[in-house]
Amino acid sequence: MAGQLNLRRKQTDAIVRFLNFNSQSSTTKEPSELYKVLVLDRFTKDIIAPLLRVSDLRRHSVTLHLLIEAERSPIPDVPAVYFLQPTEINMEKLSQDAKAALYDVMHLNFTTTLPSRYMEQLALSAVRNGCVPKIGKIFDQYLSFVALEANLFSLALPNAYVELNDPTATDYQIEASVARIVDGLFSVLVTLGVVPIIRCPKGGAAEHVARLLDGKLRDALRMRCNLFNEGNLGITASMTRPLLCLFDRNFDLSAALQHSWTYKPLVQDVLGMKLNRVTVAGAAGPGPSSAAAAASKKSYDVDERDFFWETCGAMAFPKLAEEVEAQLNAYRAAVEEINNKANAGPQDGVPYDPDDLLHRNTQNLMSAVTSLPELQEKKKVLDKHTNLATALLVQIKSRALDQYHSLGEDLLTGKGDASSVLKLIQAGKGSPSDKLRLVVLWLLICDGLPTDEDLQEMDSAVRTTGVDMSPLLYVQSLKRNNMTGSKAGGVAVGESSTGLSALTKQTNLLDWADKTFGQGLSHVTKSMKTLLSGARQVPMTAALEALMDGKPGSLEYEQYTIFDPKMPAGRSSLDHARGAFKEAVVFVIGGGNYQEREVLSGWASRCQPPKQLVFGATEMLSGEEFLMQLGDVWKRSNAT
C-alpha cells in the first residue's frame, strides 16, 4: 500500500530517524558518533524485529543491540540509543547505566509519553550521581505497536481477551489493560499522521476504548504544537480523514476459531508464525527421529521483501502448490537459457568469425554474471516456500484440515449440522484442539442452545480425546447468558459472500497426499479443487461496509457510537460520518488473525473504487491460542 496508510514504512522511517539521533536525515555523523549501541527491552525488540534485520541495523552504524535487562559491559567511548517502554523497572535501569557510565551519551527514546514522575525520577538520580552529561535528549516516539505489514499491525498485548473478560479482574486491572490499548492505538494514529472519525458498537470494551482514545486525541489537538501538525516529527499530516472502526472480539467469536485454507492464514494457524518468522522441523534423519528433527529445524522470514509471500499469500493451498512449481519451472528455464548462451559455439558447417564469436560469448557471460545473483535469490525464496508448503502438507494430511475447513464453511453458511460435525470428529481425524474448535464453532452458530442430546453427544465425542473442555463450557455459558447476540458469534441473518475459498465435497480428498513433493507440487494437488466465493459475509465486513459507505437506515450507520475528536465534545453526529470513506483502520480488541484480515482486505479490493484498509488487533492469534484463552476465562470465572 503506497498511500498514506503504509504503516510499516512510516514506523520504519521513525525508527531509522531515532537511530540517527532523531536527525531528519541519515547523513554521516562525526567520527566519535559514527558507531553506536542500541539498547532495547523485550517489547521494543519485538517492534524492531519485523522491520530491521541485523544487516539493516549495521547500515545505520549500530554495532551492537542489547537487552536492557541483560548484564552489559561498559563501552565508554560509544554513544547508546535506547528504545524502551516507560516503565518503573526501565527507569531504574537507565539510572544505573548513567551512574555506571556504560556509554558516552545516552539518547533516550520511549514508545509512548514518558510520565512526568519518571522524568523527575531520572533527573533527580542523574543530579545525585553527578552523571547529568551522560543523559542526552529524550523523545516520546509513539511507536507502541508492531507493524507486521504495510496494512497490518499488532499491539503485542498478550491475553487481552482474558484480561478484559475476566470476571475476577479488578477495576484497576481492567483500566490498565484499556490504557495500554489506547496508548497503542494513539501511537498508530500519530505514526500515520491522521485524526480519524471513530465508530464502534455501543457498550462493551470497544466503546470504552473509543471514548478514552477520543479524549486522548482531543488533548493532543489542544496542544499548541500538536503531534498531528504537518512536519511535526517528520510526519506529514493527512489531507483526508479515515474511519477508525473498533470491534470487541465477542462481536464475532467464530472468525477467531475457523480453520484456514489460504496461505498466510495457514502459516499463522498451523505453523505458528510470530513476528513474520516461521520455524519448521526438517525431515528426520538417521538416529532418534526427534533429535534429528530438532537439529534440522529451520527458521524463515516472511515479509514484504519476499515476492512470493506478497504475491501468493491469499492463494488457497492447492493453487499455492501449483504456483510454487510454476515458479520453479520458470527458474529452471531461465538457468538453462543462460547456460545455453554461455556455452554457445560455432554451428557445424556454418562459417563464423572468431572475433564475432568471442564478442557474443563475452556478452553472454556478462549477461549471466548480471542475471545469476537475482536468479539465485529467487531460488532461495522458492526453496523456502517449498519447505513451508511441505510442512503445511504434512499437517493437512495428518489432521484432515481440509475437511475441518470445509465443514466449518458449511456450518457458517447453514449447510452443516450436528450430525456432520459428530461424524467428522468421531472419524478419528484431526487433533483434539481441531475437534474442539469445530464443536465450539458449531455451538456458536446455533440459534439458541442446542438440544441436551446434541450437547451430550458432542461433549462425549470430544472429551474422549483428553482435551481441556473449558472453552466449550465457557461458550455454553455465553449462549445461556445471551452474550453473543441474536445469533451466536455475531453471525447475522441475510448475509452474503465472504470471498473465502472452500473445498468441494470429495471422497478421500487427501489421497493425493501419499505422493511426495519430489513428484511436483501441482501433481500431488491436482485432485484438490477450490470453489468460488461462498455464500456468506462475515459480520465485521457487513458492519464495515455500512459504516464506510454511510448507508442511511442500516443498523451500523444509525446505531453505532460516533466520536469525532475535531468536534467540540458532545457535538459529534451522523453528519460527520456521512458519505463514502476511502480509507479505514479496523481494530479488534481481544485478538485477530490473518484470515479475518484477509476477508476484510478482499472486500476492500473488490470495491469500486477499491478502498484502503489497515487491520490491527491487540495480538495476532491462531485458532488454538484463542481457544486456550476462552478456556482461561472459564477457569478464572469458576476459581474458588
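This is a predicted model: local features need pLDDT of at least 70, side-chain atom pairs count only at pLDDT 80 or more; totals for chains, interfaces and linings use all residues.
Local features were taken only where pLDDT is at least 70 and side-chain atom pairs only at pLDDT 80 or more, whereas totals for chains, interfaces and linings use all residues. Residues are numbered from 1 along each chain as its sequence is written, and side-chain values use heavy atoms, with hydrogens and water left out.

Of its 640 residues, 52% count as buried, meaning under 20% relative accessible area with a 1.4 Å probe and protein chains only, while exposed means over 50% and partly exposed lies in between. Contacts are defined by heavy atoms within 4.5 Å. Among contacts between residues at least 6 apart in sequence, 79% join residues at least 24 apart.

Seven strands form an open sheet of mixed pairing, in the order 6-7-14-13-9-8-12; two strands pair if DSSP finds at least two bridges between them. Strand 6 (146–149) and strand 12 (561–563) are the edge strands, each pairing on one side only. On average, neighbouring strands of the sheet are turned by 20 degrees against each other, direction ignored. Axes are lines fitted to C-alpha atoms, for helices over the stretch in contact, and angles between N-to-C directions run from 0 to 180 degrees. Helix 7 (residues 171–192) packs on the sheet, where it touches strand 7 (152–154), strand 9 and strand 13 (583–589), and its direction makes about 160 degrees with that of strand 13.

Within the sheet, strand 8 (residues 197–200) pairs with strand 9 (residues 243–248) in the parallel sense over three bridges, and I197 has L243 as its bridge partner. Strand 9 is in turn joined to strand 13 by six bridges, again running parallel, with C245 opposite V586. Six bridges also link strand 13 in the parallel sense to strand 14 (residues 612–617), where V588 stands opposite A617. Together with helix 22 (residues 594–606), strands 13 and 14 make a right-handed β-α-β unit; right-handed means that, with the strands pointing away from the viewer, the path from the first strand over the helix to the second runs clockwise.

Strand 13 is largely enclosed by the rest of the structure, because seven of its seven residues are buried. E583, V585, F587 and I589 cover one side, and A584, V586 and V588 the other.

The largest nonpolar core has 113 residues, and F153 and L246 have the most contacts inside it. Such a core is a set of buried Ala, Val, Leu, Ile, Met, Phe, Trp, Tyr and Cys residues joined through side-chain atoms within 4.5 Å. Beyond its neighbours within four places in sequence, L246 contacts residues including L185, I198, V209 and F587. A second, separate core of 40 residues includes A256, L412, A418 and L444.

Zero disulfides were found in the whole structure, a disulfide being a pair of cysteine sulfur atoms within 2.5 Å. The closest cysteine sulfur to that of C245 is in C200, 9.3 Å away and therefore too far for a bond. C245 is buried at a relative accessible area of 0%, and C131 also counts as buried, at 5%.

Note on methods. Helices (H or I, at least four residues) and strands (E, at least two) are DSSP runs, numbered from the N terminus.
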